[in-house]
Every structure is written in C-alpha cells, then in structure tokens.
Amino acid sequence: MSVVRSGLQVFFDDGYVNDFKGKRVGVVTNHSGYYPGRGHLIDLLIESGVNVEAIFTPEHGLRGLIPAGESYSDESYRGIPVYSLYGPRRKPPVDIIRGLNAVIYSIQDVGVRFYTYISTLFYTIEAAGEAGVKVIVLDNPNPLTGSIIEGPILEPTLRSFIGIWSIPIRYGLTAGELARLFNDEADLKAEVEVIRLDGWRRRMWFDETGLPWVKPSPAIVDLNSALMYPGIGLFEGTNVNEGRGTSKPFRVIGAPWLNNVKLIDEASSLGLRDVELMPIEYKPMGTGVKYNGEECRGVELIVRNRESLRPVKLALTLIHLISRIHPGEFKFLEHNGAYHFDYLVGNRGVRERLMNGSLDEALSIVDDGVSEYVRGIGGYVLYD
C-alpha cells in the first residue's frame with residue numbers, strides 16, 4: 001500500500017475526472033502518466049468518457065525511450081494526434097489549445113532545473129494562458145524531497161530550454177508548486193489548478209512514498225541516478241563521460257586519459273564525508289555517448305549520506321580537481337561560441353572561478369540567492 005497517492009490517482013479516485021466527461025481536453029504527458037495497476041492516463045480518460053483531442057509529449061517521447069537530445073516527429077496514439085514538443089516545436093500550438101476545454105499535465109520530473117520536462121510545463125502554461133484555457137496539473141512527488149535546495153540561481157541572460165526560469169538547480173518544488181510559481185512570476189496569465197498529492201511531505205524521498213519507480217527518462221534509471229544528476233549532470237558540459245552508456249548513469253565519471261587514483265587521493269584530502277569514490281574502469285557504449293567503445297578510467301560515486309550530500313558542490317569540486325590534474329586534457333565543451341556548462345550551471349562566474357580562481361570562490365556562488373529564493377517560494381508551497 002502506497003503512503004502517497006499521486007495527483008493522477010487522486011484525479012480518478014476522488015471523482016475530479018467526472019468534471020471532464022464529454023469535454024475536449026489536451027494531455028501533456030509521457031510514459032510516467034501512469035496509474036499503478038490500472039493503466040495510462042490517456043486510456044483511463046478515454047474509458048471515463050473524456051474526449052482526448054490532442055496529446056503533447058516532451059523530450060524522450062510518449063514512451064520515454066528516445067535518447068537525450070534527439071528530436072522526434074509527430075505521431076498518433078489510438079487515432080489521436082501526438083504533437084512532439086522536442087524538436088523545432090517546443091511549445092504546444094496555441095491554435096490547437098484554443099479549441100480545447102482544458103489541458104491536463106502529468107509528467108514525473110526529477111526536481112532539477114536543467115531537466116527539460118519543467119520547460120515543457122512552462123510552455124504549456126504559457127500557451128494555455130494565451131489561449132484562455134485552464135491547465136490541470138496532476139501533481140507528482142519531487143523525488144529529491146522538497147526540503148533540500150541547491151543553487152546557483154539561474155542568471156536571466158542564460159535562460160534556455162535547459163534553464164527556463166531563474167530558480168536553483170535543485171529547486172525543491174513539485175510540478176504543481178512550480179506551475180504556480182511560473183504562472184505568477186512569469187505572468188503567464190493562465191488559470192492553473194493543481195490536483196494535489198495525498199500523503200506527501202516535503203522531507204520525503206521518492207523511495208519513501210511507496211509509489212513504483214518509473215524511469216522518467218532513459219538515463220535516470222533509479223533514485224540514485226536522480227540524486228546525483230543535479231551535480232554529475234554538469235559533466236555534460238565537459239569532455240568527461242558522465243556515465244551515459246553504462247548501467248550507472250550519473251553515478252560514474254571517467255575518461256581514457258583520467259588518472260582516477262590521483263583524483264581519489266586529491267578528493268580524499270578534502271575530507272569528503274557524504275560520498276565515497278571508488279576506482280573503476282568501464283567502456284561506455286551507445287550512440288552519441290562520450291568515448292563510445294573506449295576504455296575509460298574513472299570513479300564510481302557511492303552515496304553515504306543523502307541528507308547532507310550536496311551533489312552540485314561535489315561535482316564542482318571534482319571538475320576543479322580534474323582540471324588541475326589534467327590541464328592539457330580537460331576541457332569545457334563549446335558550441336557556437338558558448339559554453340554548454342554555463343547554461344547547465346546557470347552562472348558564468350562558476351566556470352571562470354573553477355579555471356582561474358579558487359575552489360572556495362566557485363562554491364560560494366552556489367549559495368548566492370538561495371536564502372532569498374527559499375523565502376520567496378512560500379506562497380507557492382502546497383505541502384508541509
């Protein structure tokens with residue numbers, strides 16, 4: 001028996017679905033929009049007499065199987081058009097939304113700013129506001145709790161699809177709470193209703209909810225990968241493999257040129273207590289992964305205390321050490337004259353200080369503005 005009921009479960013259990021019988025709705029969802037033991041949201045809506053007119057899907061597609069960063073085309077499901085929101089189109093077409101009575105959003109995210117599902121949420125609310133159509137958010141737990149916040153706060157000049165609003169990397173809100181923040185702070189002018197979680201508390205990790213883990217995307221294979229993602233995901237902006245192409249994505253890092261023994265020695269001297277670094281050799285395999293098919297030396301990150309672990313600061317520490325151990329090999333990746341790392345971390349000063357200043361200076365930026373953010377989100381919080 002689950003301790004927590006998702007917003008999707010509450011929507012059907014408590015009769016909210018009855019308000020939409022015979023109505024025209026659009027659904028923004030993927031494979032995670034699932035009622036355990038009963039079926040997918042789309043099928044349950046149809047069975048309940050709701051007219052599902054349009055389906056909109058985020059990165060990784062309706063089934064959650066498309067690799068990261070890979071765009072995909074529109075399709076159909078049970079004769080219903082499925083519109084891709086990951087490709088040339090990122091926002092639901094307003095002309096399609098305008099013909100609906102409501103839009104229902106149900107996607108499990110991971111509580112990290114650069115995870116693109118929350119950008120899809122933002123654009124859904126924006127489109128609905130322009131169309132004058134109500135948005136119903138079927139809430140899901142934040143897998144990383146709603147009580148631990150990690151910066152930096154995104155600089156407005158770095159806003160993009162991997163950083164849609166000025167919030168911390170680990171923002172500590174559910175999708176429903178975030179929808180309220182987006183709608184208000186970005187003045188999206190939509191009517192947003194949140195179908196709240198039942199039984200969820202802010203200090204809960206996902207494995208304390210009793211809900212089954214459904215991989216939100218191909219590389220977030222379990223809660224441990226999700227826990228490390230806010231930090232190790234930053235390695236996507238470097239030439240160090242972040243575990244993609246392995247069975248432990250975001251839980252191992254490595255490269256063919258990495259001196260993992262020296263890295264562990266250097267990290268040990270800093271007194272890291274919440275995570276243990278173990279030497280590992282591995283061969284990432286897969287299209288588009290760094291060092292595909294090459295032998296990498298690296299470290300596996302074994303969490304010892306998830307409550308006190310701060311993955312962002314851990315990752316910045318490791319990047320700093322690797323850049324010092326391998327000044328000739330380590331690189332931040334550039335694309336069209338911009339550093340991908342800057343857009344991930346959300347602050348240009350972090351990279352500059354990691355390379356040209358001190359580690360302490362870089363880490364101090366992580367905390368800038370977080371206290372103000374925590375005070376500012378009080379009006380959007382729905383759970384104790």
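Trainee: How many helices and strands does the chain have?
Mentor: This is a predicted model, where local features need pLDDT of at least 70, side-chain atom pairs count only at pLDDT 80 or more, and totals for chains, interfaces and linings use all residues. Residues are numbered from 1 along each chain as its sequence is written, and side-chain values use heavy atoms, without hydrogens and water. Helices (H or I, at least four residues) and strands (E, at least two) are DSSP runs, numbered from the N terminus. The chain has twelve helices and 16 strands.

Trainee: What radius of gyration does the chain have?
Mentor: The radius is taken over C-alpha atoms, and the globule rule is 2.2 Å times the number of residues to the power 0.38. For 384 residues, a compact globule would come out near 21 Å. The chain agrees with that, at 21 Å.

Trainee: What share of the residues is buried?
Mentor: Buried means under 20% relative accessible area, with exposed over 50% and partly exposed in between (1.4 Å probe, protein chains only). Of the 384 residues in the chain, the buried share is 58%.

Trainee: Why do the buried residues of H7 line one face of the helix?
Mentor: In helix H7 (residues 260-268), Asn 260, Leu 263, Ile 264 and Ala 267 are buried. Seen down the axis, they line one face because they fall within an arc of 95° (directions from the helix axis to the C-beta atoms).

Trainee: Which elements do the buried residues of H7 pack against?
Mentor: Contact means heavy atoms within 4.5 Å. The partners are strand E13 (275-282), strand E14 (296-303) and helix H8 (311-325).
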